[in-house]
Amino acid sequence: MTYELLIGQKSYSSWSLRGWLSFAPFDIPVNVQSAVIYSDTFYDDVAAFGAHRTVPAVRTPAGGMLTDTIAIAWHLADAFPDKRLLPSDPVARAEAQSAIAEMHSGFTALRSACPMNLRTAWAGFQPSDAVLADIARVEAIWSNALARSGGPFLHGDFTLTDAFFAPVVTRLLTYQLPMSDMATAYARAVTTHPAFTSWREEGLAEDAEVSNYDMAPLERIPFPTL
Ligand SMILES: N[C@@H](CCC(=O)N[C@@H](CS)C(=O)NCC(=O)O)C(=O)O
């Protein structure tokens, strides 16, 4: 028996990306199944997997059903202590869990104004004050963690905190939002990680365009490479 992971489209489902990045960078074996967000069969497909309304979802080898990314993260960190999904230093570990929880429950202005779309970027986006406040808080979390660890990822090596912030990294890049040099270097580490690049390339090959993620009249420009 192995883990089963249900995801949405790789180009668009930011929570699915977080779920995938909770497995792949740590070489945790997992079988991946897909459901198409906004399709007529999406909710039936999620229900057939044994989950409820949203992706990602995970069935554990013992038969447990995890229907939320936080549960997936904590479960895998507990199940694979040797794989260091979270930092081992107690202070860094506590702050990693705090940053993950804050990401999971917050940054709603940034998330709603800037849907994740890994197929393209957009020129001309004007961030609101609420979006700029979210970005300032993201920068504070990143600079605190990177100052402690020395990088290149938030806690040195890739951890679950990087998995949860990966779709924030891509939003900053694809909407041309203000980024410090520190944030740009961190974004380079995330977007060149093999687990991220393979996910994005698979999405480019597999996914159809979904109109809900079209930001017209913003100008469509190439996905940035750092
Ligand atoms: N809190 C959930 C959020 C999951 C979520 O909202 N997933 C989106 C895809 S990125 C979804 O399934 N949306 C379908 C819907 O809400 O109808 C988690 O962390 O897993």
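User: How far is the ligand's oxygen atom from an N or O atom in the side chain of Tyr43?
Analyst: The distance is 2.4 Å. That makes a polar contact, a pair of N or O atoms within 3.5 Å. Before we go on, this is a predicted model, where local features need pLDDT of at least 70, side-chain atom pairs count only at pLDDT 80 or more, and totals for chains, interfaces and linings use all residues. Residues are numbered from 1 along each chain as its sequence is written, and side-chain values use heavy atoms, leaving out hydrogens and water.

User: Okay! And which ligand atom does Asp68 reach?
Analyst: A nitrogen atom of the ligand, with a polar side-chain atom of Asp68 lying 3.0 Å away. His104 has a side-chain N or O atom 2.9 Å from a ligand oxygen.

User: Which residues surround the ligand?
Analyst: Among them are Ser13, Ser14, Trp15, Ile37, Phe42, Arg53 and Thr69, along with Tyr43, Asp68 and His104.

User: How many helices and strands does the protein chain have?
Analyst: There are 9 helices and 6 strands in the chain.

User: Changing topic: what is the radius of gyration of the chain?
Analyst: It comes to 17 Å, and that agrees with a compact globule because 226 residues would give a value near 17 Å. The radius is taken over C-alpha atoms, and the globule rule is 2.2 Å times the number of residues to the power 0.38. Along the principal axes, the C-alpha atoms fill a box of roughly 45 × 45 × 30 Å.

User: Which residues does a cis peptide bond join?
Analyst: Val55 and Pro56 are joined by one, with omega about 5°. Pro56 is in the loop between α2 and β3 (57–59). Ala216 and Pro217 are also joined by a cis bond, where omega is about 15°, and Pro217 belongs to the loop between α9 (194–206) and β6 (219–221).

User: What about Tyr38, is its phi positive or negative?
Analyst: Positive, about 75°, although Tyr38 is not a glycine. Most residues other than glycine have a negative phi, and most peptide bonds are trans.

User: Where does Tyr38 lie?
Analyst: In the loop between β2 (30–34) and α2.

Methods. A residue is near a molecule or strand if one of its heavy atoms lies within 4 Å of it. A polar contact is a pair of N or O atoms within 3.5 Å; within protein, one must be able to donate a hydrogen and the other to accept it, and residues adjacent in sequence count only if both atoms are side-chain atoms. Helices (H or I, at least four residues) and strands (E, at least two) are DSSP runs, numbered from the N terminus.
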